[in-house]
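Dear colleague,

Please find the structure below.

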Amino acid sequence: SWRRPPEPASAPTHTGPLLDLGNGEIVAVQDRALLRRTAQGWRIHPAPPEYALNVNYGESAGILADGRLAIGTSGVSYRTPALLFDTASGQFEPLLHPDGSWVEILGRRSPNGVWVITRPLTGRARLESYDGSRFEVRAQLDGDWEGGDRPRIIAETRSRDLFVVPTPHGIGWLRDSKFQWLLPATGTNSVQPFTAVELANGRVWFGGRKGISEFDRQKVTLLRGGLQTVRAITQTRDGSGWVASNSGVHRYADGNWLTVTELEGLPSAAASDIVEDGRGHIWV
């Protein structure tokens with residue numbers, strides 16, 4: 001059964017990325033605050049008033065090695081810093097790159113940290129990781145990465161490959177230090193993807209405006225259409241695939257799809273993110 005938690009968690013506020021901190025706490029990124037479930041109940045941590053948090057990209061927040069959270073911000077000027085949040089003190093501080101580059105958080109690094117695209121004042125953008133103490137460059141990005149389809153997510157696989165979704169020239173697949181492109185001819189245009197996740201079987205699901213496609217490392221095939229803007233995908237410990245989209249929450253198990261909407265207890269059919277906690281409960 002689905003149920004709404006008590007106030008302030010049930011307040012009608014735009015909520016984006018969800019994080020399971022592994023200690024029973026859940027953190028939800030909202031546009032002007034962090035919503036946090038602790039042993040004492042739900043708490044609101046307002047962001048500094050000059051910041052708007054990024055609630056549009058599902059991987060724009062992550063947990064660092066020292067337990068702090070790295071949180072992306074919204075804006076198109078490339079000058080608003082990302083934020084760090086200390087869970088012990090409840091305080092925010094700017095996440096600043098040593099060379100002054102703007103930091104855009106787009107993925108979660110295993111086992112801790114975030115994947116970012118950094119944009120210096122001059123020169124090419126870079127794909128880097130940040131673990132809470134230092135930035136490390138993984139690849140330089142050329143002009144092919146700029147355009148109307150700016151990356152929304154950097155998805156890491158168990159083999160340390162990275163999928164960058166989307167780009168103006170298709171999906172970027174970084175293997176070691178070399179990129180190859182999954183172009184529309186491979187089938188990626190069937191869903192116009194902007195999110196991705198690797199499943200336990202090594203296959204990758206891409207979600208987009210039209211549904212879900214699956215990549216078996218050779219070709220991309222349409223798995224499910226008509227899901228209306230897929231925003232997040234996760235696989236739970238029982239092997240089920242869960243999808244958050246504008247048309248509801250969808251579960252794929254044993255070859256069948258189950259859809260959850262307002263009729264089943266959601267306050268809205270439009271879901272931004274989905275996560276499984278340590279008890280096996282699903283949060284949306």
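Leaving aside its neighbours within four places in sequence, which residues is Ser 101 in contact with? Contact means heavy atoms within 4.5 Å. The residues are Arg 79, Thr 118, Arg 119, Pro 120 and Arg 126.

This is a predicted model, in which local features need pLDDT of at least 70 and side-chain atom pairs count only at pLDDT 80 or more, whereas totals for chains, interfaces and linings use all residues. Residues are numbered from 1 along each chain as its sequence is written, and side-chain values use heavy atoms, with hydrogens and water left out.

Ser 101 lies in the loop between strand S8 (91–95) and strand S9 (102–108); strands (E, at least two residues) are DSSP runs, numbered from the N terminus. Ser 101 counts as buried because its relative accessibility is 5%, and buried means under 20% relative accessible area (1.4 Å probe, protein chains only). Its side chain makes polar contacts with the side chains of Asp 99 (2.6 Å) and Arg 126 (3.0 Å). A polar contact is a pair of N or O atoms within 3.5 Å; within protein, one must be able to donate a hydrogen and the other to accept it, and residues adjacent in sequence count only if both atoms are side-chain atoms.

Ile 212 stands opposite Arg 224 in S20. Four residues separate the strands of this hairpin, where Arg 217 takes a positive phi near 75°.

Yours sincerely

Conventions
Pairing = 2+ DSSP bridges. Buried < 20%, exposed > 50% of the residue type's maximum accessible area, 1.4 Å probe, protein only.
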